[in-house]
Amino acid sequence: AVLLAFQVRLVMKAHSFIRENVPRVLSSVKDKSGTVHIPRISQYLYFLFAPTLIYRDNYPRNPTIRWGYVATKFAQVLGSLFYAYYIFVRLCIPQFRNSSQETFNLRGLVLCIFNSILPGVLILFLVFFAFLHCWLNAFAEMLRFADRMFYK
């Protein structure tokens, strides 16, 4: 799943890069102008690591990196991982360990599923918080990416 998500992200970034740059190249060829503005490799590499899917030649940048903020976000990612582990150990694994020792019946299956809904939702929220908020904000800060109006 992680590999598939990474590949989808790269395909979306490649699509954005091509969609933004091909019209510029075609218009300069159509106008028969001598200069064609092609992005530099450094601009493309920055775009690959920046937490955005829309390609621009230049992004707003912060003047400095707040390393305390980066450390806080990575600590929150680690805290989320430990909390997800705790949820699995305390709420999920005992539920399925008990169900594996019993004979199969529909009532036991339904109870097992309903008892796993709350831990599953908690882990889903933790994954969204850890990745979308903490991980991406930490990398945005390390890249000095200043446009962080994700929720607007």
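Predicted model: local features only at pLDDT ≥ 70, side-chain atom pairs only at ≥ 80, totals over all residues.
Let me start with burial: Tyr 46 is buried in this model, and Tyr 59 is buried as well, where buried means under 20% relative accessible area, exposed means over 50% and partly exposed lies in between, with a 1.4 Å probe and protein chains only. Residues are numbered from 1 along each chain as its sequence is written, and side-chain values use heavy atoms, with hydrogens and water left out.

The structure holds eight aromatic pairs, counted when ring centres of Phe, Tyr or Trp (its six-membered ring) lie within 6.5 Å, with planes under 30 degrees apart called stacked, over 60 edge-to-face and the rest tilted. The rings of Tyr 46 and Tyr 59 have centres 6.0 Å apart and planes at 40°, so this pair is tilted. Tyr 46 belongs to helix 2 (residues 41-49), whereas Tyr 59 is in the loop between helix 2 and helix 3 (67-101), so the pair ties together parts 13 residues apart in sequence; helices here are DSSP runs of H or I with at least four residues, numbered from the N terminus.

Ring pairs also link Phe 17, Tyr 44, Phe 47 and Tyr 55 into a cluster. Over the ring of Phe 47 sits the charged end of Lys 13, 4.5 Å from the ring centre, the criterion being NZ of Lys or CZ of Arg within 6 Å of the centre and within 35 degrees of the ring normal. The charged end of Arg 66 likewise sits over the ring of Tyr 69, 4.5 Å from its centre.

What about the cysteines? There are zero disulfides, a disulfide being a pair of cysteine sulfur atoms within 2.5 Å. The sulfur of Cys 112 has its closest cysteine sulfur in Cys 92, 9.1 Å away, which is too far for a bond. Cys 112 counts as buried because its relative accessibility is 4%, and Cys 134 counts as buried at 0%.

Most residues other than glycine have a negative phi. With 27% relative accessibility, Arg 144 counts as partly exposed.

Notes:
Helix = DSSP H or I, 4+ residues; strand = E, 2+ residues; numbered from the N terminus.
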